[in-house]
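Hi,

Here is the structure I said I would pass along. Have a look at it first, and then read on for my notes.

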Amino acid sequence: MSFMSEAFKYLAASIAAGLAALAAALGNGKVISKTLEGMARQPESADNLRATMFIGVGLIEAVPILAIVVAFLILFL
Amino acid sequence: MSFMSEAFKYLAASIAAGLAALAAALGNGKVISKTLEGMARQPESADNLRATMFIGVGLIEAVPILAIVVAFLILFL
Amino acid sequence: MSFMSEAFKYLAASIAAGLAALAAALGNGKVISKTLEGMARQPESADNLRATMFIGVGLIEAVPILAIVVAFLILFL
Amino acid sequence: MSFMSEAFKYLAASIAAGLAALAAALGNGKVISKTLEGMARQPESADNLRATMFIGVGLIEAVPILAIVVAFLILFL
Amino acid sequence: MSFMSEAFKYLAASIAAGLAALAAALGNGKVISKTLEGMARQPESADNLRATMFIGVGLIEAVPILAIVVAFLILFL
């Protein structure tokens, strides 16, 4: 029965990693697209927007990176 | 039969971590993109908007972080 | 059969915690983003908007926090 | 029972790779389409927008690439 | 039991290839439609937009192509 546990390990890691990828890409895509929209409308405040974009990307990626860590923990534990 | 329980543990942790990642990224993405939109429209109130953004990100991440804690509890309990 | 019950415990807690995270993040994200939009359009009423935002966030997080409590109860009961 | 584990391996790798592809394509699609929109509206700031686009694409692809790595790890581990 | 593993192989390859196709089509569709929109609004910058479109399509297809590679690996491994 130990192989059953092994099998679910793979499935679990893929769900965690896949959802984390989906999450980070959707969140980052939204933020970066708004940054580009703002830069096109007001080119003079491009630096300010880009700085806030990096803060935002960092905040968004915090939880998906934790989910990737959970995926690796599941695989190698 | 104890291995069955082990197997579901991995699956459960991945669901909790994956959904938490999805949640945090979607919520943060929405808030930060609106902040950027507001900063592009009114650059003079950028500091005020960025401060509210950090409050908002903190409020949004509260429940996903709890879900990550549940994921770790499931893995190591 | 007792181990099967144990297995479903983990799965149930993860679904409750994950969906609670998703719910709170989506709800808060919508409310806080509209607050930011309103603050950018009318900076003079920023304090009023931020106060209402906190009431809204509190009301939104009530049920997800209860779901997290249900997740902990499932795990430790 | 070892073949069951093998079977789930394939399923897991496909879920991780598929969700990563979905994530990267949706995120990149949003960012690049906004870049094109901005370039059509303000052709003079096209270089600035394209540079930010490349930064954004790099940031978005970070977590999906990690999910692809998880998929390969699952297949060849 | 070896036929079970064979069966899951086909299922897994189809999920990976299907999600990759969905991903690439949605991402490319968004980008190319925006290119056409921009070219209709500003016909004089059509060449510039078309060049950025090709870069964008290349960037979007990177991860789905990797998912297709995973699908072939699953089938022929």
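Let me start with one pair of side chains: Lys34(A) and Glu37(B) come together in a salt bridge, with 2.6 Å from N to O. Keep in mind while you look at it that this is a predicted model. That pair is the one salt bridge counted between chain B and chain A. Alongside it, five residue pairs are in polar contact between these two chains, both partners at pLDDT 80 or more.

Which elements of chain B give two or more residues to the side that touches chain A? They are α1 and α2 of chain B, and α1(B) has the largest share, with 28 residues. Sorted by class, this side of chain B holds 29 nonpolar, five polar and six charged residues. The contact draws 40 residues from chain B and 40 residues from chain A. Together the two chains bury about 3500 Å², and 81% of that is on carbon and sulfur atoms.

Now turn to the other partner of chain B. With chain C, the contact involves 42 residues from chain B and 42 residues from chain C. The buried area here is about 3600 Å², with carbon and sulfur atoms giving 81%. On the chain B side, Phe8(B), Leu59(B) and Val63(B) lose the most area to chain C, and together they make up 16% of what that side buries.

The rule finds one salt bridge across this interface too: Lys34(B) meets Glu37(C), side chain to side chain, at 2.7 Å from N to O. There are also five residue pairs in polar contact across the interface of chain B and chain C, again with both at pLDDT 80 or more. The elements giving two or more residues to this side of chain B are α1 (2-41) and α2 (46-76). Of these, α1(B) gives the most, 22 residues. By class, the side that touches chain C has 29 nonpolar, nine polar and four charged residues.

Finally, a few notes on chain A by itself. Its secondary structure is two helices and zero strands. The radius of gyration is 18 Å, well over the 11 Å that the globule rule gives for 77 residues, so chain A is more spread out than a compact globule. Along the principal axes, its C-alpha atoms fill a box of roughly 65 × 15 × 10 Å. Of the 77 residues in chain A, 69% count as buried. Among the contacts in chain A with a separation of 6 or more, 73% are between residues 24 or more positions apart.

Cheers

Technical notes:
Residues numbered from 1 in each chain as written. Chains lettered and ligands numbered in written order. Predicted model: local features only at pLDDT ≥ 70, side-chain atom pairs only at ≥ 80, totals over all residues. Heavy atoms only, no water. Contact = heavy atoms within 4.5 Å. Buried area = accessible area lost by both parts, 1.4 Å probe. Salt bridge = Lys/Arg side-chain N within 4 Å of Asp/Glu carboxyl O. Polar contact = N/O pair within 3.5 Å; in protein donor to acceptor, adjacent residues only side chain to side chain. Helix = DSSP H or I, 4+ residues; strand = E, 2+ residues; numbered from the N terminus. Nonpolar A, V, L, I, M, F, W, Y, C, P; charged D, E, K, R; others polar. Rg over C-alpha atoms; globule rule 2.2 N^0.38 Å. Buried < 20%, exposed > 50% of the residue type's maximum accessible area, 1.4 Å probe, protein only.
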